[in-house]
Amino acid sequence: MSAPTTAPIPTPTAPGQLPLIGHGLRLVRDPLPFITSLREHGSVVRIRIGPTSAYVVTDPALARRVLVTDAAHFPKGGKYYDALRVFLGDGVATVADGDTHLRNRRLMQPMFSKAHIAERGNAMIDQVRTLVGAWPAAEPRDMFASMNEITLATFLVAVFGADFPAHLESEFTALMPEIMRGTIRQVLLPPWITRLPLPANRAHADRVARLRALIDQAIDHHADAATAPGSAAPDGASGAEACPHASQARRQPGGLFETLIGVEDQLGRRQLQDEAITLLAGAIETTGTTLAWALYEIAGNPTVERRLREELASVCQDRPLRYDDLDQLPYARRVLQEALRKYGVSWMVTRTAARDVVLGGHLVPKGADVVWSPYLHQHDPSYYPDPDTFDPDRWETDRVAAARGSFLAFGDGRRKCIGENFAWVELTLILATLLQLWPRFTMTSPPPRPQAVITVKPDALTMEFHSDPGD
């Protein structure tokens, strides 16, 4: 890609823009139908967010050029990341490209090595068993909220240690959904509205300030636990009988975050806060949302559920799941990957053009926002035939090559999600543990509609869990 030397192709503008707010109303009211409709207008389509133009890349091959091949021309930036920085700060997911990003990513990388994650794997499973096993039978549960609670608790055990204070966990759970809603509001509305002293803007700022205070408490607790001569049993545990691997968890009070505590002098406290919040946001929203959608699809696909349970039984027999079992559950991995494919999980992400560039024959001017959408690309019928069908077998080895380069749930290139390995571990062990503990679960709500916030979440999804296998 280079500066234009011939006349570029005129870039089509999406229909339906309004004065002052551009396509903002459509992005707020029906974002998923709108973003997917852009494919029919071309490989690069201009939209307006307020008075500002943004260029939506609808072709996965061009998105890969933005993220990988020509990434130097498209650094992280734009309205999406401007809004995320309000509460994530300059964490590894949002900090600008350059030396700071490279340094911080290198400092964080050891947290997510397979060896580090493996050391905490059984403690994570124990946490899931404790929480999921305590659910009352035959009682409708909000699955989006429940999966967020489970993923948060599992994340906290792995990252901050097994004795994380319960009151901090509950506040994180309550704050994060509201912060996510406030963030996407800032992305979609014109900047002059988000700067006004409106109640919604003030509430968002207050929630972000409270989140930072909680993160500071979590870091202090973690540092104190790591230096203490001993550590307490996990909250809610009652010794080795309740938590078979509790002794292992107690020997590792620091958790994965210990890696960063050890280099606080290089990062500083503010940077530690930013990285912790970044990890927290990814752990709750992306993983919890994916699990909720996976359970919805499993509940509606008896064949998928049967194959999952048969695979799990063949690996574990009658004993509880162990961390070493996860690599032997390839079908569970395919089910989860298909949930990630079908539901995004992100639906709008931005980069900024660092110079005038030509992308797919269209001129993208310097400073413009360039939008790419995992949700859009992962519903492209040229890569995924019948994209609205949930089909885990599309990820079998002999079929997956057809979709190569278009599965972008974790991004791609040098800014690919640093926590991908951890996410796959957490997703798999939560799904497998839930299936082991509950022989049957049923839908108690109508089919949910996808709702675009930061992630694509179900608008309403409840299920009942039963201790008997049924018919």
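**A residue in a helix, and some charged pairs**

A: Leu 308 is buried, at a relative accessible area of 2%; buried means under 20%, exposed over 50% and partly exposed in between, with a 1.4 Å probe and protein chains only. The model is predicted, so local features need pLDDT of at least 70 and side-chain atom pairs count only at pLDDT 80 or more, while totals for chains, interfaces and linings use all residues. Residues are numbered from 1 along each chain as its sequence is written, and side-chain values use heavy atoms, with hydrogens and water left out.

Leu 308 belongs to helix α15, residues 302-316. Helices are DSSP runs of H or I with at least four residues, strands are E runs of at least two, and both are numbered from the N terminus. Apart from neighbours within four places in sequence, Leu 308 is in contact with Ile 298, Tyr 331, Ala 332, Val 335 and Leu 435, where contact means heavy atoms within 4.5 Å. Between Leu 308 and Ala 332, 24 residues apart along the chain, the C-alpha separation is 6.2 Å.

Now the charged side chains. A salt bridge is a side-chain nitrogen of Lys or Arg within 4 Å of a carboxyl oxygen of Asp or Glu, and the count is 20. One of them joins Arg 207 to Glu 178, at 3.9 Å from N to O. Arg 207 lies in helix α10 (residues 199-227) and Glu 178 in helix α8 (residues 166-188), so this pair ties together parts 29 residues apart in sequence. Arg 207 is partly exposed at 27%, and Glu 178 is partly exposed at 31%.
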